[in-house]
Amino acid sequence: MKLKHFYESQQLEPDIINEFFNRADLLRTQNSLQILKGKVLATLFYEPSTRTRLSFEVAMLKLGGNIISTENAREFSSAVKGESIEDTIRVVSKYVDCIVIRHFEDGAARKAAEVSSVPVINAGDGKGQHPTQALLDLYTIYKELGKIDCLKIAMVGDLANGRTARSLCYLLGKFKNNEIIFISPENLKMRYDIKEYLLRHNVKFSEEKDLDKVLPNVDIIYMTRIQKERITLDDYEKAKGKYVIDLSNFHIIKHSSRILHPLPKIDEIKLPTKIEHSDQRVAYFRQAENGLYIRMALLIHLLT
Ligand code: CP
C-alpha cells in the first residue's frame with residue numbers, strides 16, 4: 001500500500017502502520033542520511049505549534065532535505081488578503097515536493113490534497129483530525145507496551161474538540177480487542193461520528209465519569225487538554241480542572257501502565273518534575289520524541 005497524501009487516520013491499514021514502525025525504529029539509530037537530498041518541504045501553519053512543525057522540519061533536515069515555512073500563515077500569508085486554501089496550495093505545490101499543513105478549519109487538509117500536485121500531510125485541521133499525532137501515539141504505545149491490540153485505553157479531557165483523540169480512535173479500531181473508555185466533562189463528550197465508527201468496527205467503548213475508578217484498570221491513560229481556543233468561556237469554566245492527574249491519584253496507576261499526552265499540557269497533569277523525569281509511567285516526553293522518527297518514516301514513504 002502506497003499513500004499519495006496523508007489527511008486522515010482511516011487511510012492507514014495495519015501493514016503500512018507496521019512499515020512505519022519498523023522504519024522509525026531504524027531511523028532512530030541512523031545519522032547523516034541523504035535520502036531526501038534535493039527535496040523541499042513546505043510547512044504551512046495557520047495555527048500555533050511547537051512539536052508538529054519543528055519535528056517535521058527536523059525530520060526533513062535529518063533526511064538531507066530542505067524546508068520553507070510559514071509559521072503564522074493566518075497572519076503572514078496571502079490568506080490575510082482572502083486567498084482560498086485551494087489557490088494557495090495550487091501555487092505552493094509547484095514550488096516544493098511536499099506540504100505539511102495545519103489549519104483552523106475541519107477538512108482543510110483534504111481540500112488541499114484534492115488540488116495539490118505533491119503529497120499533502122495533515123498536521124491538524126480544526127476539530128477534525130491530527131493523524132500524524134495518532135500514528136506517533138500508536139508507535140509510542142507499541143514501544144512502551146510491546147503491542148497495540150488487546151489494550152484498555154482511557155481517553156480523558158476535551159474529547160469533543162481534541163483532534164488527536166479522535167484520530168487515535170480510528171487507529172485503535174484497526175487492531176483487535178482494544179477497549180476505549182471515554183472520560184470527559186459533560187459538555188465536551190466524544191462526538192457521535194467516532195462512536196458510530198467504533199460501533200461499526202466492533203470496538204468496545206464506554207463512557208465513565210469517575211477518573212479514579214478507571215485509572216487502576218487501564219493500560220494507557222491518554223490525557224488531553226481542554227481546547228480553550230475552540231469553545232466558549234462558559235464551557236471552558238465548566239470543564240477546566242475537572243479531570244486531573246496529580247499526586248493524589250498518580251499512585252493508583254499500575255506500574256505497567258503509561259500516561260500519554262499529545263502536549264501541550266496545561267493543568268490536567270500536575271506531577272513534580274522529578275516524577276516526570278524518572279517514573280516510567282510518564283511517557284509523554286518520550287512520545288513527543290517518537291514523533292520525530294515517525295515523521296521521518298512518513299516523509300520517506302511519501303517522497304521516495
Ligand atoms: N501535539 C501537538 O500537535 O503539539 P503542537 O501543537 O505543539 O504541534
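**Domains.** I started with the contacts between the two domains: 31 residues of domain 1 touch 30 residues of domain 2, where contact means heavy atoms within 4.5 Å. I noted the bounds as 9–130 + 290–303 for domain 1 and 131–288 for domain 2; they come from an automatic or database domain assignment. Their C-alpha centres are 24 Å apart.

**Ground rules.** I am working with a predicted model, where local features need pLDDT of at least 70, side-chain atom pairs count only at pLDDT 80 or more, and totals for chains, interfaces and linings use all residues. Residues are numbered from 1 along each chain as its sequence is written, and side-chain values use heavy atoms, with hydrogens and water left out.

**Ligand shell.** Which residues are around the ligand? I listed S49, T50, R51, T52, R102, H130, Q133, P262 and L263, taking a residue as near if one of its heavy atoms lies within 4 Å. Both domain 1 and domain 2 give residues to this shell, so the ligand lies between them.

**Polar contacts.** I looked for pairs of N or O atoms within 3.5 Å. The side chain of H130 has an N or O atom 2.9 Å from a ligand oxygen. On the backbone side, an N or O atom of P262 is 2.8 Å from a ligand nitrogen, and one of L263 is 3.0 Å from a ligand nitrogen.

Key: A polar contact is a pair of N or O atoms within 3.5 Å; within protein, one must be able to donate a hydrogen and the other to accept it, and residues adjacent in sequence count only if both atoms are side-chain atoms.
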